[in-house]
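Subject: Handover of a structure

Dear colleague,

Please find below the structure that I would like to hand over to you. My notes on it follow directly after the display.

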Amino acid sequence: MHFPLSYVLIRNSEHQEDGGLEVNGEEIIRFERVTKEYDGTVVLDDVSFAMERGKFYTLLGPSGCGKTTILRLIAGFIEPTEGTIYFHGKPIQNVPPNKRQVNTVFQDYALFPHLDVFENVAFGLRVKKMKEADIRQKVSEALRFVNLEGYERRRIQEMSGGQRQRVAIARAIVNEPEVLLLDEPLSALDLKLRTEMQYELRELQRRLGITFIFVTHDQEEALAMSDYIFVLNKGKIQQFGTPKDIYDEPINRFVADFIGESNILSGRMIDDFLVEFAGKRFVCVDRGFAPNEPVDVVIRPEDLELAAPEDGQIVIRVDSLLFRGVHYEICGYDENGNEWLVHSTKKAEVGETVGLRFEPEAIHVMRVEREDEGA
Amino acid sequence: MKRTHWWGRVYLLAVFAVMYTPIVYLMYYSFNSGGTMHDFQSFTFKWYRDVLSDDRLLIIVLNTIVIALLSAAVATILGVIGALAIYYVKRQRTKNALLALNNVLIVSPDVIIGASFLLLFTIAGIKLGFTSVLLSHIAFSVPIVVLMVLPKLEEMSPTLIDAARDLGAGPWQVLSGVVLPFLAPSIWAGFFMALTYSLDDFAVTFFVTGNGFSTLSVEIYSRARQGISLSINALSTLLFLFTMLLVIGYYVLSQKGGRMYGIGGRK
């Protein structure tokens, strides 16, 4: 397994990843063994990680995984039950939200309905008692940044969903925060607008050069936008890495299942570079497991190639077929009853028997979770 | 569709006729020179002239308005604070209990409230008059304001407060810059409700007015008992028109508020 060189990863016994305790660049935020409980329910369980200045981070996970809790902890709306949060190396417990160099773009945007666009953006500056001329200049700069010039006197109710979101971003960045927190800001937008905003947010982060922490449950969004992704589940960091690391080398069944579509099979490691699953032995590129250690094997559907039955490493009977535009989505079962999902530009008929071929590199072997996470 | 509901309109008309006929009847005879409420002789403004030239009555009108404005203003301030307090109570049971206590005051009979105030003021040694009336009006108006403000507060997204704090606002700035402006329409509505409650209250006021101090409702009642004079009709008509004016004012304000806060959810 390879991780980004700038990060040293330490695994604890519970297979929880610590998200890079050392950073290469300037460290901006650090969580040290942070736990958060609500009325005895643990929503964040002994989490440690560090974040670097000027990068785009995504906290990815299903609802209730603790991702929004991390955001609220950084913003200061809640305090950790245990552990310490550092900002520029200094603990920021007891610093109220209004004194933190952090601003948030909320899921429902939380724009002030009684103020127009200009006054919404100016809110933070007015609180700081900035001079009127400076406020004007900064607000119009911020609005230009998000392509909303000329909308100053519009009411919030007159703005579309996408425009409201830009106002929310302008309102946050006008305060020149060191960290911008984004709580599922795209979830209320339709697909087309969402894709557009993904590009815009990424571009915005590059231009501003500040740290973005983006929360989402949408894995495609996370893969497309981030420098680094934290995959969370049940209050623990499952995996930390670049989008490519996480997609190509998922650390466990949960991550493999959550990130993209995949075929996950139970198997066992015969020896270094030799794994057994679906009743057969295959050459692979993984090593370092105990002999006969039970493992989970991941093969991405796009890594499977259709072949004649006699040429196939696996033979399946096609059960269903869907045309997805770019490719066909073929679903079938092998002789052992394992389900196989194939993405192929070639078509196969339902009921037909076809062979599947794949390279040794396509096989990704993972350690089995002690307690079964995920489905 | 149009034809099937003609009877609905007739019904509506009948209901409003029943409700407004007595008032119209009363207003009609306030212009009667005959001095009785059964046969209309000729049109006159005499009774209105009588009312307007009655100094004692004008002072009472002034009293009534001062009491209404003062009590509504104080009740609005207290009511908003009360609503905020109830909003910030975390435990649902405590919250419900406080709300129930609030609502009991609105539904309980005015006579009982009036009598208990009389008892309280006597025990506390407060002289009956302006102060006692003002205090009792404030007291029965506060629950109304709470009831008007609280739903709007519950409707407010909690992230609005988070957003304000996130942008650097301290507790006072959150309140003055976000919460109060958001509540403004319902605060105004509460104020107007309190105003009308105070203006037309009879039962409570009747208990706590002493000698030499009276409000319009109490005065009309005592004059009506003394004997029939159409100046009472004139006075009632004026009072009714004034209330109408308040209702229209409230309507205009709430319309404006509705537009401001996009009740229609226009995108």
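In this predicted model, 20 residues of chain B are in contact with 19 residues of chain A. Sorted by class, the side of chain B that touches chain A comprises nine nonpolar, six polar and five charged residues.

Helix H7 of chain B spans residues 158-166, and its buried residues are Asp162(B), Ala163(B), Ala164(B), Arg165(B) and Asp166(B). What do the buried residues of H7(B) pack against? Their partners are helix H1 (67-75) and strand E6 (102-105) of chain A, together with H8 of chain B. After H7(B) comes Gly168(B), which has a positive phi, near 105°.

Turning to chain B as a whole, there are 11 helices and zero strands. Chain B has 267 residues, of which 31% count as buried. The C-alpha trace of chain B spans about 70 × 65 × 30 Å along its principal axes. If one takes the contacts in chain B between residues at least 6 apart in sequence, 77% of them join residues at least 24 apart.

The nonpolar cores come next. The largest nonpolar core has 139 residues, and the members that touch the most others are Ile74(A), Ala170(A), Ile213(A) and Phe230(A). Helix H8 of chain B, residues 171-200, gives this core its largest share, 13 residues. From chain A, domain 1 (55-70 + 99-248) and domain 2 (261-367) each provide at least three residues to this core.

For Ile213(A), leaving aside residues up to four places away in sequence, the residues touched are Tyr57(A), Leu59(A), Leu71(A), Ile74(A), Val179(A), Leu181(A) and Leu182(A).

Just after H10(B), Gly227(B) adopts a positive phi of about 155°.

In chain A, the domain assignment gives domain 1 (55-70 + 99-248) and domain 2 (261-367). The C-alpha centres of these two domains of chain A lie 40 Å apart.

Chain A also contains an open sheet of five strands, in the order E13-E12-E11-E14-E20, with antiparallel pairing. Its edge strands are E13 (280-283) and E20 (364-367) of chain A, each of which pairs on one side only. On average, and with direction ignored, neighbouring strands of this sheet are turned by 40° against each other.

Two of the pairings in this sheet may be described in detail. E11 (residues 263-271) and E12 (residues 274-277) of chain A are joined in the antiparallel sense over four bridges, and Met269(A) stands opposite Val275(A) in E12(A). E12(A) and E13(A) likewise run antiparallel, with four bridges joining them. Here Phe277(A) stands opposite Lys280(A) in E13(A). The hairpin of E12(A) and E13(A) has two residues between the strands, and Ala278(A) takes a positive phi near 50° in this hairpin.

Phe277(A), which is found in strand E12 of chain A, deserves a separate note. Is Phe277(A) buried or exposed? Phe277(A) counts as buried because it has 24 C-beta neighbours inside 10 Å, while the threshold for a buried residue is 20 or more. Not counting residues up to four places away in sequence, Phe277(A) touches Leu265(A), Ser266(A), Gly267(A) and Val297(A). Between Phe277(A) and Leu223(A) the separation is 54 residues in sequence and 29 Å in space, C-alpha to C-alpha.

With kind regards

Definitions and conventions: Residues are numbered from 1 along each chain as its sequence is written. Chains are lettered from A and ligands numbered from 1 in the order in which they are written. This is a predicted model: local features need pLDDT of at least 70, side-chain atom pairs count only at pLDDT 80 or more; totals for chains, interfaces and linings use all residues. A nonpolar core is a set of buried Ala, Val, Leu, Ile, Met, Phe, Trp, Tyr and Cys residues joined through C-beta atoms within 7 Å. A residue is buried if 20 or more other C-beta atoms lie within 10 Å of its own, exposed if 12 or fewer, and partly exposed in between; C-beta atoms are placed from the backbone. Domain bounds come from an automatic or database domain assignment. Two residues are in contact if their C-beta atoms, placed from the backbone, lie within 7 Å. Ala, Val, Leu, Ile, Met, Phe, Trp, Tyr, Cys and Pro count as nonpolar, Asp, Glu, Lys and Arg as charged, and the others, Gly among them, as polar. Two strands pair if DSSP finds at least two bridges between them. Axes are lines fitted to C-alpha atoms, for helices over the stretch in contact, and angles run from 0 to 180 degrees between N-to-C directions.
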